[in-house]
Amino acid sequence: MLRFFKVNDPFRLVGLAIYLLLLTAIFLIWDPFPLTTLQLSWMVLGERLGQGYFLYQDIIDNTGPLSAGFFTIVDFILGRSPLAYELIGRIFILFQIIYWNTILIKYRVFDENTYLPAMIMAALFHFSFDMLSLNPAMLGSTFLILALGQLFSQTVLQKETSESTLLIGIYGGLAAGFHPSYVFFLPYMILTGIAISGFSFRQLMLSLVGYFLPILLIAVFYYWNDGLQEAIDIWPLIFKSSSVLFQSYWSWLIIGSFPILLSLVGYFLGAVLKGSTINQQKQRQLIILGLIFAASDFLLIKNQAGFQLIIFVPGLSYLITQFFLHVRRGIVPNIAFYLLILGLPAFAWWYWQFNVDNAAYFVSEQADNSLEGKEIMILGPDISGYQHAKLGGPFLNFELSKLYLDQDRDIPEKAKLYQMLQHQQPEIILDQEGLFQSILNDFPELSRHYQPQGKGIFILK
């Protein structure tokens with residue numbers, strides 16, 4: 001199998017490109033999956049921020065600030081376009097695949113240079129339909145891969161490189177800015193830097209400065225716009241808010257059992273039965289520890305969906321490549337290869353049509369025409385009403401908003417909340433769980449502006 005993907009044959013790159021194009025065409029033309037609630041919320045968020053509002057200060061949502069800014073740019077250029085999110089997602093996937101395979105070749109991670117990791121990585125990205133579309137985890141993981149590439153460079157260089165050490169931290173800080181749960185990279189960077197890459201005290205301090213630099217710039221942005229205190233108040237709540245399960249671990253295990261099996265066998269073959277150079281041993285340790293720390297990410301994530309698994313793709317592609325490099329002959333590697341490259345995307349595409357664990361993951365296709373073009377605010381888990389309407393109030397993420405409103409407030413904080421609601425004033429409020437009614441009880445003055453119309457519906461007078 002290896003001979004079909006050696007680096008000295010440029011036609012294998014053409015084969016990889018054709019493979020990606022075919023999968024993209026199939027998934028876009030015969031796409032059975034409606035828009036997800038998370039995709040809709042990101043589009044609504046980008047649209048609202050483009051109107052001059054600020055995340056955390058004016059809009060309560062758990063999206064990372066850098067991802068929110070990117071969604072704003074996408075909305076400014078392309079508007080609310082699900083197709084744009086799909087195509088931009090493929091661009092990021094292509095970049096990650098090319099960069100990761102280049103790193104593996106550049107630092108001689110394997111004894112033979114091969115395009116196998118790129119092909120395997122392309123197949124793993126089709127584990128779930130929502131891994132292919134633009135999302136915060138994809139944006140953040142792009143910078144984690146860049147950071148991992150810089151860590152790999154530390155395994156082969158024989159002298160201190162300030163630029164590489166600084167970039168490791170900067171990329172890690174940017175990843176956390178795009179996806180807050182990626183803060184796990186900080187302890188990973190410290191541990192691997194000291195134990196594997198042999199960081200000196202100067203290098204460790206430089207990487208830490210690099211890590212906190214993007215976070216400091218984000219804080220300066222909010223301070224400049226008088227929203228630093230709001231951001232500081234919201235960020236701890238992001239990690240305290242309730243998690244929403246859209247796909248279960250059991251479903252992931254059913255689809256991922258075969259790639260996991262290949263990974264375990266690949267690790268055993270590469271670590272036990274085959275000798276490795278010191279550099280390759282360090283690289284393997286970086287991968288294994290990276291996968292362990294990536295698993296800790298699920299202690300922090302609040303939306304359990306397939307796109308959160310993107311962070312495992314580079315490490316699994318490395319381990320699975322080990323399997324194919326050490327099991328070359330016979331029918332077993334050929335069957336395993338085609339089951340992975342063709343069978344995994346096909347099975348996942350079929351499986352998710354019938355086994356999404358939470359029906360609320362998809363936006364209802366039954367649009368309410370009476371809401372079209374209006375500025376509304378939905379207080380509840382079902383945000384389908386935003387399909388043809390705009391966000392008109394401060395509360396976008398329901399779980400975070402509920403936790404935010406349940407806090408005890410002194411008089412200045414109550415005044416700030418009242419001003420937030422008074423300033424935006426959505427035309428229609430859909431109160432699915434009685435949250436707005438409790439707000440009216442706390443702020444009777446708001447009753448002068450809204451009148452109830454039906455169960456859970458309030459209209460701006």
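User: Why does Tyr-211 count as buried?

Analyst: Tyr-211 has a relative accessibility of 2%, and buried means under 20% relative accessible area, exposed over 50% and partly exposed in between (1.4 Å probe, protein chains only), so Tyr-211 counts as buried. Phe-212, at 42%, counts as partly exposed. This is a predicted model in which local features need pLDDT of at least 70 and side-chain atom pairs count only at pLDDT 80 or more, while totals for chains, interfaces and linings use all residues. Residues are numbered from 1 along each chain as its sequence is written, and side-chain values use heavy atoms, with hydrogens and water left out.

User: Why is the pair of Phe-436 and Phe-458 called edge-to-face, and what does the pair tie together?

Analyst: The ring centres of Phe-436 and Phe-458 are 5.1 Å apart and the planes stand at 65°, so this pair is edge-to-face. Because Phe-436 belongs to helix α17 (residues 435-442) and Phe-458 to strand β7 (residues 457-460), the contact ties together parts that are 22 residues apart in sequence; helices (H or I, at least four residues) and strands (E, at least two) are DSSP runs, numbered from the N terminus. Both partners are buried, Phe-436 with a relative accessible area of 1% and Phe-458 with 5%.

User: How do you know that helix α5 is largely enclosed?

Analyst: Nine of the nine residues of helix α5 (residues 116-124) are buried, so the rest of the structure largely encloses this helix. Among the buried residues are Leu-116, Met-119 and Leu-124.

User: What makes Arg-48 and Glu-375 a salt bridge, and where do these residues lie?

Analyst: A salt bridge is a side-chain nitrogen of Lys or Arg within 4 Å of a carboxyl oxygen of Asp or Glu, and the N to O distance for Arg-48 and Glu-375 is 3.8 Å. The pair links distant parts of the chain, with Arg-48 in helix α2 and Glu-375 in strand β3, 327 residues apart. Arg-48 is buried at 1% relative accessible area, whereas Glu-375 is partly exposed at 26%.

User: How do you know that the charged end of Arg-48 sits over the ring of Tyr-53?

Analyst: The rule asks for NZ of Lys or CZ of Arg within 6 Å of the ring centre and within 35 degrees of the ring normal; the charged end of Arg-48 sits over the ring of Tyr-53, 3.9 Å from its centre.

User: Why is Arg-448 called exposed, and which residue forms a salt bridge with Arg-448?

Analyst: Arg-448 counts as exposed because its relative accessibility is 58%. Its salt-bridge partner is Glu-445, with the closest N and O atoms 2.6 Å apart, and Glu-445 counts as partly exposed at 34%.

User: What makes β3 and β5 paired strands?

Analyst: Two strands pair if DSSP finds at least two bridges between them, and strands β3 (residues 375-379) and β5 (residues 428-431) pair in the parallel sense over four bridges.

Technical notes: Phe/Tyr/Trp six-rings, centres within 6.5 Å; stacked < 30°, edge-to-face > 60°.
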